[in-house]
Structures are given as C-alpha cells and as structure tokens.
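Visitor: I would like to learn how to read a structure like this one, feature by feature. Please give the general idea each time, and then the case at hand.

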Amino acid sequence: GGGGGEVAVTSAWVCGRGVPVVCLSNGMRYTYHKDMKSVSRLPDERAFESSSLFSRNPIGWDSGAGGPLARALGQAAVNTGVNVPNMIKMDGEQQAGYTVAHAETMVACAGVLESPEEWKMWHEKYVRLLVQGKDEARLREVCEQLMVP
C-alpha cells in the first residue's frame, strides 16, 4: 500500500463455530475461509452505502443480538473523509443492481462466517430482490444451489 501510518489490530474474536474475525485500524475486516484455506476480506461498513439495504447500524450488532457478520460490520468505522458512494448518481436500475450485489455479498459473508441465522436473513432478502427484478437466471442458480445435498 502507500502512505500514512501503521495499521493495528483493533479487535479480534472467534465466532461460535470457530471462525476467526480480525478488524484493523484502517477499517479492513478479515476472516479465514476453512474450505478454501485462505483469508477472505469482509466488506467494510461503507462498501454498499448506495444500496437500498444499507444500514449504519447492522441488525442487532449494538445490542449483541446480531451474529458474527453484524458484529464485524458494526465495529467502529474509519472516517476516510470522502463519501464516494454517495457522490455517484445512480438511476433506479443501477441502484437495484447494486443492492442485489450487496445482498449477494452479505449471503456469501454470512456463509464464510458460518452464521446460519444471518445467512437465512440475507438469503431471504437476496431472493426477494431477484424476484422483484424478475432475474430468472439467478433464481434458477439459487434453486440449484439449495438442492445440492
């Protein structure tokens, strides 16, 4: 990377299913994907600010009721000074696509963190968005994935 300051671990924990999460002072969050045997980056709080599903307060994180994904996303945000996603003007179709990508990413992250409650919640939102958008190809893909034993 370039320029400015050291990066430090601000928090780290192991989820109930043995999945580690590490949050850094630069806002990056990482976990270890056991099946892929690799480190995976989790989205930061600001990654999907233009999504209609975006929340500055991930469900349940502040009350401790949320799962590992809500906890990782709810850690203190880094103030970078520039709010790039809100500077980008999107039409309805672009925002819908961005929102679907947001939900899809959250489904994947909840899966990596082995958080079934969060996976179910985000999966339901994702499927609802696909139905609303009449995205038959992705809906078929979801059904095929669910039918795999």
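Visitor: What share of the residues of the chain count as buried?

Guide: A note before the answer: this is a predicted model. Burial is read from relative accessible area, with buried meaning under 20%. By that cut-off, 33% of the 149 residues of the chain count as buried.

Visitor: In what order do the elements of the chain run from the N terminus on?

Guide: The order is β-β-β-β-α-α-α-α-α. That gives four strands and five helices. As for contacts with a separation of 6 or more, 49% of them join residues 24 or more positions apart.

Visitor: How do I read a helix, and what span should helix 3 have?

Guide: An α-helix has 3.6 residues a turn, so residues three or four places apart point the same way. For length, compare the expected span with the distance between the end C-alpha atoms. Helix 3 has 21 residues, which should span 30 Å at 1.5 Å a residue, and its end C-alpha atoms are 30 Å apart, in agreement. For burial, the list in helix 3 is T99, V100, H102, A103, M106, V107, C109, A110 and V112.

Visitor: How many residues of helix 5 are buried?

Guide: One of its twelve residues is buried, so helix 5 lies largely in the open. Its length is close to expectation: 16 Å from first C-alpha to last, against 16 Å expected at 1.5 Å a residue.

Visitor: Which residues make up the largest nonpolar core?

Guide: A core is read as a set of buried nonpolar residues linked through their side chains. The largest one here has nine residues: V100, A103, M106, V107, W122, Y126, L129, L130 and V142. Helix 3 and helix 4 are the elements that give two or more residues to this core. Another core, of eight residues, lies apart from it and has W13, C15, V19 and V21 among its members.

Visitor: Which residues line the second largest pocket?

Guide: The lining consists of E104, V107, A108, G111, W119, H123, Y126, E141, V142 and Q145. Two or more of these come from each of helix 3 (92-112), helix 4 (116-132) and helix 5 (136-147). Helix 3 gives the most, with four residues. The volume of this pocket is about 240 Å³. By class, its lining has five nonpolar, three polar and two charged residues.

Visitor: Where does K37 lie, and is it buried or exposed?

Guide: K37 lies in the loop between strand 3 (29-33) and strand 4. The residue is exposed, with a relative accessible area of 65%. Its phi is also positive, near 55°.

Visitor: What is the relative accessible area of L113?

Guide: The value is 0%, and L113 is buried. A loop position can be checked in this way as well as a helix position: L113 is placed in the loop between helix 3 and helix 4. Distance in sequence and distance in space are read separately. L113 and R17 are 96 residues apart in sequence, and their C-alpha atoms are 8.1 Å apart in space.

Methods:
Residues are numbered from 1 along each chain as its sequence is written. This is a predicted model: local features need pLDDT of at least 70, side-chain atom pairs count only at pLDDT 80 or more; totals for chains, interfaces and linings use all residues. Side-chain values use heavy atoms; hydrogens and water are left out. On a 1 Å grid over the protein atoms alone, a cavity is a set of points where a 1.4 Å probe fits but cannot get out, and a pocket is an open set with protein on both sides within 12 Å along at least five of seven lines; lining residues have an atom within 4 Å of a point. Grid points are joined across faces, edges and corners, and a volume is the space filled by probe spheres set on the points. Ala, Val, Leu, Ile, Met, Phe, Trp, Tyr, Cys and Pro count as nonpolar, Asp, Glu, Lys and Arg as charged, and the others, Gly among them, as polar. The expected span of a helix is 1.5 Å times one less than its number of residues. Buried means under 20% relative accessible area, exposed over 50%, partly exposed in between (1.4 Å probe, protein chains only). A nonpolar core is a set of buried Ala, Val, Leu, Ile, Met, Phe, Trp, Tyr and Cys residues joined through side-chain atoms within 4.5 Å. Contact means heavy atoms within 4.5 Å.
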